[in-house]
Amino acid sequence: MPSDPPIKSEDRPDRGIGGQARSGDRGMTGLVIGINPLISWIRRNIMELKEVIFIMIALTTVVSGWLVVSLKNIIHSAFALLVTFFGVGGLFVYVGADFLAATQILIYIGGVMILVLFAIMLSEGVYNISLFHRARVLPALLVLGALPYILFRVIMEASWHVRSGAGGEEVMGGNTTQTIGGLLLGEYLLPFEVISVLLLSALVGSVVLIRKEVGKRRGKAA
Amino acid sequence: MNIISLQSYLIISALLFSFGLFAIITRKNAISVLLGFELIMNAAGLNFAAFSHFSDSVIHGQVFTIFIIALAAAESAVILALIISVYQKMDTVQIDEIDSLKG
Amino acid sequence: METNQLMHPWFPVLILALPLLASVVQLFAGRRLPRGGDWVSTLMILAGFVLSLITFADVVLRGDPGFRYERAFNWISFGSVNVTMGILVDNLTAVMLVLVTGISSCVHVFSMFYMHGDRRYPLYFSYLSFFCFSMIGIVISDNLLMTFMFWELVGYSSYALIGFWFEREAAAEAQKKAFVVNRVGDVGFLIGLMIIFYVVGDFRFGRIFEAAANGTFDRSIPIFGLPLVTLAGVGIFLGAMGKSAQFPFHVWLPDAMEGPTTASSLIHAATMVAAGVFLTARIYPILTPEALIFITYVGTFTAFMAATIALVQSDIKRVLAYSTISQLGYMMLGLGSGGYTAGLAHLFTHAFFKCLLFLCAGSVIHALHTQDMFRMGGLRKKMPVTFAAMLMGTLAISGVPLFSGFFSKDAILVQALYRYFTEPHLLRLLPFVFGMGSAALTAFYMFRLIFLTFFGKPRDKKIYAHAHESPLLATAPLCILAVFTLGFFWTGTVDIPVPSGEVKIPVGIVKQGWVQEMIVEPAIAAGHYENPSLMEDEPAHKKAEHLVEGLSILSASFGILLAWLIYIRKAVSAQAIRRRFRLTVLFLENLWYVDRLYEIVIVRGLHRWNALVFQFDQVIIDGLVNAMGCSGEWLSRGIGCFDRVVIDGAVNLTATVSQSVGREFSRLQNGKIQGYVFLGILSLCLYILIGVM
């Protein structure tokens, strides 16, 4: 290996020093801006930049996904989930779903993660070290070795009907946001409305659930 | 084969799905289970987006992915509310100890 | 007058019914009637006697030996079988009716004297009347079944009267003995009855004789080499043996002397015991030569045996009892030899003189209160009428000429000898020889009785002092009966002039002795079984007659002389003879050991058999029952065990298995959601795998 310049945190925007997962809000920036000699070397020698970045994003996603599952501290696994969300958003970009990537980050990271973190903090069990259920690990591993295996076999050996011109060579032209908006209010109007009702009921329901308990707690405390 | 191809997306989503399932089955903390659940939803959404990209109708899968995201959000809200209320009742978030429905 | 029609057809039934009525009245109301109701019975029987006389005049005096009046009505019918009841009146019936009712009347009158003051005086007359009813039933019956019914009734009457004083153990035992022995004979009667019914299909005498003549009996299959008809005849004769006290069924008659003497006189002397002879005469046409030989020998043996036993008896009634048995044997001898008329003639004469003898004995017993002849003696001065009557009876029974017994006994012996002459055979000689011997013995022991009782010095002074003649009530019947011991009543001819139109008495001319002419066996028997009495061989017959007349006079004289020598003149010492013939005397005194034999073999054998059967019952049958109970118990225990272990085990096992399986499976439902999810995924994978493969 020729001598590499020391890797700076700016170069690896989704990893902190020492490999810790960091919030992935620099991922996008890195993707757009980050061109450094390593990348150009890789691009020159092996692949295109696009593919390298893709691999990196993919690895990030998968690894942080595993970390979600395996980390003992629940806060840690929550943040790993955060990184996973970022990675998935990046992948969305590669698929040509830019609006989708934005939505993903907004809602998941901005909404769901906040909720999760609040829930973790509200339930005091956060200080308990959540261990795996010992008896279940082995069979689960067995099953979850088998399941991916099956899926891999299927994915690899199935003949997918792929349209010509796909493969990430080009991001779809045109304004996805506009098209999606049009579809939502056009062809998918009913699902749209239903989803809104669902959201409403979820909102009301969660409030109701919390309220009762709060009321009861108050009664108990008094 | 091409690195960036339908199969790769599918592999990624398959892995994420497996991890999420593993978490659901194995983890003791209820919120960990929720995290696993989120992983699964993400994997599904990724699946849809990938397929939409590689199919003839480019945009329609994405619409569905939006729905999935919305759904996941709503669901996580409700689940968290549940977890919190359960925590307040039984003073624990360990799923193993929430077994009043034991048969 | 038409043939075979009675002038007064209802008389026989009336004669039958009157004593029955008297018996019933006596039974229920006797105590309340004045004098205990003895006049009821006596009047009824006297009425019966009168009616019998009229019937006798109607039937016998019309001079038709073959007269036969029958009336029957249907009694039971089932299927193709008709059983009838009815009456038969012929010459024999008419004579028997007169005999029974006449002798009964005398006995009734005498009983009023003899039984006076008895505790159960009315009952006695009830029994007596019932007996008359039963006996008349036998006499007028026209079929064997009806005869059998009345046969049994007569047996019952005898039982009742023998045990009249049943408080005495001896009387109770005697009545049982009489009935049981009778019953044994009745088994033979029943067998004969069944055979006849089987072959002929009817019980009526007329039908039976017709069937015999038609050869119906010959078509039947012989059993043990004997034709059925012989067996039938012998069977019915066995019944007659029981009733008429022939050997070996004679054992009850001496013991029957435990009953009142008057009862004995009627039943066990004159009438009931004669029923056997009567029956044998009735079934005469179906008696085969083999059966007749059997009858002859039974009679011969009985006559001889009883006569010898009578020699050593000291009880006056016992002597008379054995004498009766002996005379009945004579009658059987006569019938068996073919002397239908002879045998029946002796029945008639014997009835009268035996009844007379018994009543006289009763008179003596009543006067002296003892029955032991060796305590009597010299009574002829104190009881002259009784003495005279008894002497006449004794002369009759001994076969002294001019008395009735001479004629009838001689007739029998003539017949026996005649048979020998026509069939010179030892078989035919023996009956005659023993019959003659018995006649001599009879004369001896009867005169022994007379000499001991009425002659000599009184042996017991005390009772002699109390003795006195019986009143008229007693002596009148004695005299009446004594008259009939005279011979001419029986051998006389009857010559009735043709009456004028108003008096409706059928007439006929009877040439020979009326008994000989009128009492003849039924013509239907002629020829079929080669009835020997119809074999006419005049010279032989005449020869027999002369021989017998001489011999019998000789033997009677010998007997009387011997008795006179021993007991009057004391020329020969009775004690010396006893010592000389000690063993023989012992044998005789023990009644030829017949009773002893019965006691040992039958009675004790029966007891032992009973004990054996009891043991069998105890051990085996009870054991069996217990074993079954035990085995049932074991079985149920085993089954219970099986039930508990296997079946309950199976049930428990099922429950346990279900429980464990359930428990294991319920662990799946532990409320841990993650487990459920895991299972779901697992199943999905399995499905995929299986589907793929």
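I counted salt bridges over all chains and got 16. The model is a predicted one, so I read every value here as computed from that prediction.

I picked one pair to look at. C:Glu167 forms a salt bridge with C:Arg119, and their closest N and O atoms are 2.6 Å apart. I then checked where the two partners sit. C:Glu167 is in the loop between α5 (144-162) and α6 (169-200) of chain C, while C:Arg119 is in the loop between α3 (91-114) and α4 (121-140), so the pair ties together parts 48 residues apart in sequence. Side chains of opposite charge can pair when their charged atoms come close.

**Chain A against chain B**

Next I turned to the A–B interface. I found 88 residues of chain A in contact with 69 residues of chain B. The buried area between the two chains is about 7400 Å², and carbon and sulfur atoms give 77% of it. I asked which three residues of chain A supply more of its buried area than any other three. They are A:Val95, A:Tyr108 and A:Arg163, with 9% of what chain A buries against chain B.

I looked for salt bridges between chain A and chain B and counted 0. For polar contacts I counted 5 residue pairs, with both residues at pLDDT 80 or more.

I listed the helices on the chain A side. The largest share, 14 residues, comes from α8(A). By class, I sorted this side of chain A into 57 nonpolar, 19 polar and 12 charged residues.

**One helix pair**

I followed α4(A) across to helix α2 (residues 30-54) of chain B. Their axes come within 11 Å and cross at roughly 5°. That makes α4(A) roughly parallel to α2(B). On the α4(A) side I noted several contact residues, including A:Leu81, A:Phe85, A:Val88 and A:Phe92. On the α2(B) side the contact residues include B:Leu35, B:Glu38, B:Leu39 and B:Leu46.

**Backbone check, chain C**

Last, I checked backbone angles. Most residues other than glycine have a negative phi, and most peptide bonds are trans. A cis peptide bond joins C:Phe247 and C:Pro248, with omega about -5°. I placed C:Pro248 in the loop between α8 (228-243) and α9 (252-255) of chain C. C:Ala245 has a positive phi of about 55°, although it is not a glycine. I found C:Ala245 in the loop between α8 and α9 of chain C.

Notes
Residues numbered from 1 in each chain as written. Chains lettered and ligands numbered in written order. Predicted model: local features only at pLDDT ≥ 70, side-chain atom pairs only at ≥ 80, totals over all residues. Heavy atoms only, no water. Contact = heavy atoms within 4.5 Å. Buried area = accessible area lost by both parts, 1.4 Å probe. Salt bridge = Lys/Arg side-chain N within 4 Å of Asp/Glu carboxyl O. Polar contact = N/O pair within 3.5 Å; in protein donor to acceptor, adjacent residues only side chain to side chain. Helix = DSSP H or I, 4+ residues; strand = E, 2+ residues; numbered from the N terminus. Nonpolar A, V, L, I, M, F, W, Y, C, P; charged D, E, K, R; others polar. Axes fitted to C-alpha atoms, helices over the stretch in contact; angles between N-to-C directions. Parallel < 35°, antiparallel > 145°, perpendicular 65-115°, else oblique.
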